[in-house]
Structure formats: C-alpha cells, structure tokens
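Here's a quick briefing for anyone opening this structure for the first time. Have a look at the sequence and the model, then read on.

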Amino acid sequence: MIRIDRGPEPLELPDVRRDELERFRAIVLTSGYDRNQLGTRYTAVKEALWRRQELKCCYCEKVCENVGNDLEHYRPTSRYWWLAWTWENLLFACQNCNRWAKNDDFPLADEKTRLKAEESPPQGEQPQLVDPATEDPLDSIQFVWDEASDRWLPRPRGASVKGAETIRVLELDRQALLELFQNYVRDYLMPDVNHLRELMKNGNEHAVRDTWKRNVRRALQRTMFYTALAHDVFDHYFPEDERRRWGLELPRP
Ligand SMILES: [Zn+2]
C-alpha cells in the first residue's frame, strides 16, 4: 500500500451527492440501511479514482480492471451511509481486499468515539485502518522476509497497532496474495538485486550508482505493482548504512 493523491472532486459529484443523500436518507429513516438501495450513480467517480490510482487497488497494489472491482468506501456505508458519496471517503479497491476481506470492518482506537449519523469525520474518531489518501502507509506497514515460510510478509512497522489492524482487516497476508508478492520479487526484483551485488563486488562505483538509479526508479514508479514491497526489498538487501557508503538513495514510492 502506498500514499494516494485522489486529486480534486469530480465536477458531477456534488449534485449526485445531494440527490442521492436525500433519496437514501428517506430509505434509512423508513426501513433502515439497505446496501442494495445505494444505487450506481458513482460509476464515473470509480473510473476517475481507478485512473488516479494508476489502475491499482488502493490496498494491495494489484493492477486490475475497474469493471468487476469496487468503489471502496474507507468508512463503510453500512456504518456511515451518509458518507457514501463523499469524495474524501472514496477509493478504488479490488474485490479481494474490499468484499472478501474488509467488508464492514472499521476498527477504532476507542469504540465510544464512533461517529453518530450524519456527523462529519473525524470528530474524536481514531481509525485503526490506514487511509492511503491521508497518510503514508509505509509508516505503519513493512514487508519483511520470513525464512521459515519462504515468503515476504506484511508486518506492522515498529509496534504500529494501526499497521497490525490494517493487515488483519484487509487480510494483506492472505496466501494467494503472498504468492503474487513472492513471484514478483523472484522474477522482477531479484535479477536486479543480484546484478547490483555483482557490480558492488567488482567495486565499479559508477556502474553501481547508474544501475541503482535506473532499477530503483523503474521498480518504484507509481504505475508498477507492489511498489511498497519493492521499496522494502531494496531496503532489506541494501540497508541504509550500505546505501550511504555508495551514495545511493531509496525514495519512498
Ligand atoms: Zn486489493
């Protein structure tokens, strides 16, 4: 997961929000929340977010099609129906993260602070789910190599409770995803890592810096998948003190 800049609200959204909120409020007040009545008037918004996110899921960084995947509500509509058309609450996510993992879950540091109907966030709420549009997920989640399982695993960075909760809620350590991570590291990152190691062994400073810049820039460009993972793989094989010795920079994606 990496930081997302969703840009300005699409021009049509305020009108959609006004109409849809009025319609949906009446439904909630008469017969209660009904997900099936949310309608589909945010299709255009979903496409805009998908493009802003470089065609990637906001949580797992898998590249996927917009049709068949989800407009994601950071604060889920089942608990925060009045934020269903609020730009700051919208993201694009794959079905695996949104539907099969997160669903209605939205953990808080203190349940008593949960917003009441029609209140604007955040009030006193401290979500324990990383919001990639307002914070850098790399502060909370780190990929570490696990020898025992032969896998790169997402783990809370430091002792980040928010990181731990985010991994739990989104099931970012689900087996199939770990396998995608693993194949990506093996097929796309390790050849670059090994090549750099060779150049370092030969002591060719110019070639090391040149190759590093080219490889890291490519692996961390926002259109690539799993850039947070790529960042941590380079950080693992070339720790900070070694990078400093060679004059290499590792920017965040
Ligand atoms: Zn996903």
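Where is phenylalanine 225 found? Phenylalanine 225 sits in the loop between helix H6 (205-220) and helix H7 (227-237); helices (H or I, at least four residues) and strands (E, at least two) are DSSP runs, numbered from the N terminus. Keep in mind that this is a predicted model, where local features need pLDDT of at least 70 and side-chain atom pairs count only at pLDDT 80 or more, while totals for chains, interfaces and linings use all residues. Residues are numbered from 1 along each chain as its sequence is written, and side-chain values use heavy atoms, with hydrogens and water left out.

**The zinc site**

- A zinc ion is held by the SG atoms of Cys57, Cys60, Cys94 and Cys97, at 2.3 to 2.4 Å; donors here are N, O and S atoms within 2.8 Å of the metal (3.2 Å for Na, K and Ca), and since water is not among the atoms, sites may look incomplete.
- The arrangement is tetrahedral because the four donor atoms subtend angles of 105 to 113° around the zinc ion; for four donors, that label asks for all angles to lie between 85 and 135 degrees.
- Along the sequence, the donor residues follow the spacing C-x2-C-x33-C-x2-C.
- Cysteine 57 is in the loop between helix H2 (43-52) and strand S1 (70-73) and cysteine 97 is in helix H3 (residues 95-102), so this pair ties together parts that are 40 residues apart in sequence.
- Cysteine 57 counts as buried at 2% relative accessibility, and cysteine 97 is buried at 0% (buried means under 20% relative accessible area, exposed over 50%, partly exposed in between, with a 1.4 Å probe and protein chains only).

**The loop between H2 and S1**

- Leucine 55 belongs to this loop and has a positive phi of about 65° although it isn't a glycine.
- Glutamate 61 lies in the loop between H2 and S1 too, and its phi, near 65°, is also positive in a residue other than glycine.
- Leucine 55 is partly exposed at 33% relative accessible area, whereas glutamate 61 is buried at 2%.
- Asparagine 69, in that loop as well, is buried at 15%, and a polar atom of its side chain lies 3.0 Å from the backbone nitrogen of glutamine 95.

**A nonpolar patch and a cis bond**

- Leu55, Val63 and Phe225 make a nonpolar surface patch of about 210 Å².
- Phenylalanine 225 itself is partly exposed, at 31% relative accessibility.
- The peptide bond from proline 121 to proline 122 is cis, with omega near 5°; proline 122 is in the loop between H3 and strand S3 (141-146).

**Salt bridges**

- The count comes to 29 salt bridges, each being a side-chain nitrogen of Lys or Arg within 4 Å of a carboxyl oxygen of Asp or Glu.
- One of them joins aspartate 70 and arginine 99 (2.6 Å, N to O); aspartate 70 is in strand S1 and arginine 99 in helix H3, so the pair ties together parts 29 residues apart in sequence.
- Aspartate 70 is buried at 6%, while arginine 99 is partly exposed at 39%.
- Another links arginine 252 and aspartate 139 (2.8 Å, N to O); arginine 252 is in the segment after helix H8 (240-246) and aspartate 139 in the loop between H3 and S3, so they tie together parts 113 residues apart in sequence.
- Asp15, Arg18, Asp19, Glu20, Arg23 and Arg41 are joined in a network of salt bridges.

Terms used. Tetrahedral: all angles 85-135°; square planar, octahedral: opposite > 155°, others 65-115°. Patch = residues over 30% accessible without salt bridge, like charges linked within 9 Å, V, L, I, M, F, W, Y side chains within 5 Å. Areas by Shrake-Rupley, 256 points an atom, 1.4 Å probe, with all protein chains shown as cover. Polar contact = N/O pair within 3.5 Å; in protein donor to acceptor, adjacent residues only side chain to side chain.
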